[in-house]
Amino acid sequence: MKAFWASTAAANILYHDLPGSGSPVVFIHGLGCASSCDYLGMVFGTVFTGRRAILVDLLGSGFSERPVEFSCSVDAHAHSVAELVQYVCPSSICIFGNSMGGAVAIALATILGPRVEKLVLSEPNLDPGGGPFSRKIAAIPEAEYVAYGHDRIVKAAAAEGNVVWAASMAISAAFAIHRGASSLTAGREPTWRELLYGLKIPRTILFGEHSLLDTEFDRLPRHGVSVDIVPAAGHSMALQNPAGLAAALVRALG
């Protein structure tokens with residue numbers, strides 16, 4: 001694993017840089033997750049093997065540092081990752097982002113402009129308001145969430161059998177999770193959806209078979225965004241069907 005000092009956050013982002021050919025794919029994880037946890041098995045699988053992959057742990061998650069002064073907003077994450085990308089990938093890249101990481105990926109693609117060849121997202125946050133999970137967290141004052149809310153969510157997830165995600169969530173900074181959820185709920189202007197529609201690159205959004213949003217499946221292609229389905233998976237498709245996600249990602253990247 002490697003470390004990169006992001007001056008915009010005054011902290012170290014930790015990441016895996018896995019060698020391979022072609023334009024590197026930058027992986028950005030969702031809320032409470034870590035790329036170092038979610039995507040290693042996928043990129044080492046037979047479907048994806050041979051392509052360079054940059055697995056980024058966002059600040060406050062995984063192995064990356066937890067600067068208390070950092071806002072952990074979607075845009076702040078995008079700017080810190082943009083610094084990293086400009087350092088490790090001086091030429092063109094592709095980007096993959098899941099859930100909150102999808103919103104970060106859209107913002108990152110907007111910052112990097114023509115350096116981004118293709119953008120692939122899995123069930124990203126596109127509109128203000130967040131999802132049920134982020135709304136639940138954002139509704140609690142940050143101090144209360146840090147004091148007891150975070151621990152309760154981790155224990156509940158483990159009890160429900162989501163052991164890997166619970167472990168990833170447990171090592172995430174509670175304040176970072178709350179601030180990320182609050183950013184998703186508040187949204188931005190222009191929205192991530194509007195930014196996505198305005199990008200002039202190939203864009204694909206992946207849906208898990210068990211969480212397919214039919215309205216989006218019809219709506220997105222009208223704006224030039226391709227869609228695909230990962231079978232036998234819901235929102236956490238990297239854990240539920242890593243080979244299926246890898247196959248869909250390879251299709252999207254061509």
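This is a predicted model: local features need pLDDT of at least 70, side-chain atom pairs count only at pLDDT 80 or more; totals for chains, interfaces and linings use all residues.
As general background, nonpolar side chains in soluble globular proteins tend to be buried together.

Leaving out residues up to four places away in sequence, Ile95 touches Val26, Ile28, Ala105, Leu108, Ala109, Val116, Lys118, Leu119 and Val120.

Helix α4 also meets helix α3 (residues 74-88). Their axes come within 8 Å and cross at roughly 55°, so α3 and α4 are oblique to each other. The crossing in which α3 passes α4 is right-handed. On the α3 side, the contact is made by Val74, Asp75, His77, Ala78, His79, Val81, Ala82, Val85 and Gln86, while α4 contributes Met100, Ala103, Val104, Ala107, Leu108, Ile111 and Leu112. Of the residues in this contact, 12 are nonpolar, three are polar and one is charged.

A last stop is Gly30, found in the loop between β3 (21-28) and α1 (35-38). Gly30 counts as buried because its relative accessibility is 2%, under the 20% cut-off. Apart from neighbours within four places in sequence, Gly30 is in contact with Asn98, Ser99, Met100 and Gly101. From Gly30 to Ile95 the separation is 65 residues in sequence and 14 Å in space, C-alpha to C-alpha.

Definitions and conventions. Residues are numbered from 1 along each chain as its sequence is written. Side-chain values use heavy atoms; hydrogens and water are left out. Contact means heavy atoms within 4.5 Å. Axes are lines fitted to C-alpha atoms, for helices over the stretch in contact, and angles run from 0 to 180 degrees between N-to-C directions. Helices (H or I, at least four residues) and strands (E, at least two) are DSSP runs, numbered from the N terminus. Angles under 35 degrees count as roughly parallel, over 145 as roughly antiparallel, 65 to 115 as roughly perpendicular and the rest as oblique. A crossing is left-handed if the near helix is turned anticlockwise from the far one by less than a right angle, and right-handed if clockwise. Ala, Val, Leu, Ile, Met, Phe, Trp, Tyr, Cys and Pro count as nonpolar, Asp, Glu, Lys and Arg as charged, and the others, Gly among them, as polar. Buried means under 20% relative accessible area, exposed over 50%, partly exposed in between (1.4 Å probe, protein chains only).
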